[in-house]
Amino acid sequence: MSLAYLAQEAATTSEKFKGFGAIGYGLAAIGPGIGVGIVVGKAIEGLARQPEMQGTIRTNMFLGIAFTEALALIGLVAGFIF
């Protein structure tokens with residue numbers, strides 16, 4: 001196999017799968033979207049039960065959102081890599 005043949009084959013393969021990056025990221029964003037909704041919902045529930053713990057609950061909520069959104073960023077980067 002020559003190098004020119006491999007380059008041509010790679011170009012035609014990438015043309016076939018050009019739109020799948022956006023679909024992959026869309027699927028990768030579903031999980032973090034659900035996760036952020038659960039984190040915020042539970043934080044509001046906790047604040048309704050114990051308003052005096054507002055600072056602690058808010059801090060933990062923001063940490064949970066940050067970790068959950070990291071998954072969305074990993075999905076975005078993986079879409080660009082693959």
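## Confidence of the model

The pLDDT is the predictor's confidence in each residue, on a scale from 0 to 100. The structure shown here is a predicted model, and across the protein chain the pLDDT averages 80, with 71% of the residues scoring at least 70.

## Overall architecture

The protein chain contains 3 helices and 0 strands, and its elements, read along the sequence, follow the pattern α-α-α. Helix H2 takes in residues 20–49, while helix H3 takes in residues 54–81.

Of the 82 residues in the protein chain, 15% are buried. The accessible surface of the chain comes to about 6,300 Å², and carbon and sulfur atoms account for 72% of that area.

## A nonpolar patch on the surface

Which residues form a nonpolar patch on the surface? The patch is formed by Ile23, Leu27, Ile30, Ile34 and Ile38, which together have about 500 Å² of accessible area. One of these residues, Ile34, has its place in helix H2.

## The salt bridge in helix H2

A search of the whole structure finds 1 salt bridge. The side chains of Glu45 and Arg49 meet in a salt bridge with an N to O distance of 3.8 Å, and the two residues both lie in helix H2, 4 residues apart, which is about one turn of the helix.

The two partners fall into separate accessibility classes, as their relative accessibilities show. Glu45 counts as partly exposed because its relative accessibility is 37%, a value between the 20% and 50% cut-offs. Arg49, in turn, counts as exposed because its relative accessibility is 67%, and the exposed class begins over 50%.

When residues up to four places away in sequence are left out of the count, Thr68 touches Pro32, Gly35, Val36 and Val39.

Note on methods
Residues are numbered from 1 along each chain as its sequence is written. Side-chain values use heavy atoms; hydrogens and water are left out. Buried means under 20% relative accessible area, exposed over 50%, partly exposed in between (1.4 Å probe, protein chains only). Accessible areas come from the Shrake-Rupley method with a 1.4 Å probe; for residues, only the protein chains shown count as cover. Patches are made of residues with over 30% relative accessible area and no salt bridge: like charges are joined within 9 Å, nonpolar side chains (Val, Leu, Ile, Met, Phe, Trp, Tyr) within 5 Å. A salt bridge is a side-chain nitrogen of Lys or Arg within 4 Å of a carboxyl oxygen of Asp or Glu. Contact means heavy atoms within 4.5 Å.
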